[in-house]
Amino acid sequence: RKASVLIGFVERRAGLNIIFTKRAKHLKHHPGQVSFPGGKHEKSDTSLADTALRETYEEIGIPINEITIFGQIPELITISHLPVTPFLAFVSPNYQINIDRNEVDEVFEVPVSIVLDRQYLHSECFHLQNDSHRVFGLSYEKHFIWGMTAQIIHAMQKHIMHS
């Protein structure tokens, strides 16, 4: 199965921000981790873009009519071998959140200037059974962004800066 996430850009007075969520602490997979809204493709979804929009609404309550998808990043394969397609979207600055507490603990925004700045994204290489893995991490205020989400940020940096 495939999955998708929504990278939501919000226009603020100080510039563009990106919406992140913090996963609920009781979840079986990646509890307490910072992520983008999203999830696995369901049969009822007409496309992966649909999946990202549906999951964003289910997880944090932002309705589809407040989101405008303007692009996507090529599919990434996660460490758990799940193919994920990130969609880039503008979200209305007046969005109201309605958090599904079963899935999400909080929603916060990080300035694009930090997310896209290579100086903030640190990486470490480690070796595991003759395989080398690069792990990315980014700190912002009290949040530490790592794992899949940092991998997506790295891909977005490359995608936006080179295109």
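This is a predicted model: local features need pLDDT of at least 70, side-chain atom pairs count only at pLDDT 80 or more; totals for chains, interfaces and linings use all residues.

Visitor: Thanks! What makes up the secondary structure of the protein chain?

Guide: The protein chain has three helices and eleven strands. In sequence order, they run β-β-β-β-α-β-β-β-β-α-β-β-β-α.

Visitor: Why is the protein chain called as compact as a globular protein of its length?

Guide: The radius of gyration is 15 Å, and the globule rule gives 15 Å for 163 residues. The two values are close, so the chain counts as being as compact as a globular protein of that length. Its C-alpha trace spans about 45 × 40 × 35 Å along the principal axes. Of the 163 residues, 45% count as buried.

Visitor: How many of the contacts join residues at least 24 apart in sequence?

Guide: Taking contacts between residues at least 6 apart in sequence, 60% join residues at least 24 apart.

Visitor: Why is Arg54 called buried?

Guide: The cut-off for buried is under 20% relative accessible area. Arg54 has 17% relative accessibility, so Arg54 counts as buried. You will find Arg54 in helix H1, which covers residues 48–60. Leaving out residues up to four places away in sequence, Arg54 touches Lys40, Glu42 and Asp45.

Visitor: And Gln33, what makes that residue buried?

Guide: The relative accessible area of Gln33 is 14%, which is under 20%, so Gln33 is buried too. Gln33 sits in the loop between E2 and E3. With residues up to four places away in sequence set aside, Gln33 touches Thr21, Lys22, Arg23 and Trp146.

Visitor: How do you know where empty space is left?

Guide: A probe the size of a water molecule is rolled over the atoms, and this shows where empty space is left. In this model, the largest pocket holds about 800 Å³ of space. Its lining has 31 residues, and those closest to the centre are Arg23, His29, His30, Leu82 and Met148.

Visitor: Which element supplies the largest share of that lining?

Guide: H3 does, with five residues. Helix H3 covers residues 147–162, and among the other elements that each supply at least two lining residues are strand E1 (3–12), strand E2 (15–23) and H1.

Visitor: What kinds of residues make up the lining of the largest pocket?

Guide: The lining divides into twelve nonpolar, 13 polar and six charged residues.

Methods: Residues are numbered from 1 along each chain as its sequence is written. Side-chain values use heavy atoms; hydrogens and water are left out. Helices (H or I, at least four residues) and strands (E, at least two) are DSSP runs, numbered from the N terminus. Buried means under 20% relative accessible area, exposed over 50%, partly exposed in between (1.4 Å probe, protein chains only). Contact means heavy atoms within 4.5 Å. On a 1 Å grid over the protein atoms alone, a cavity is a set of points where a 1.4 Å probe fits but cannot get out, and a pocket is an open set with protein on both sides within 12 Å along at least five of seven lines; lining residues have an atom within 4 Å of a point. Grid points are joined across faces, edges and corners, and a volume is the space filled by probe spheres set on the points. Ala, Val, Leu, Ile, Met, Phe, Trp, Tyr, Cys and Pro count as nonpolar, Asp, Glu, Lys and Arg as charged, and the others, Gly among them, as polar. The radius of gyration is taken over C-alpha atoms; the globule rule is 2.2 Å times the number of residues to the power 0.38.
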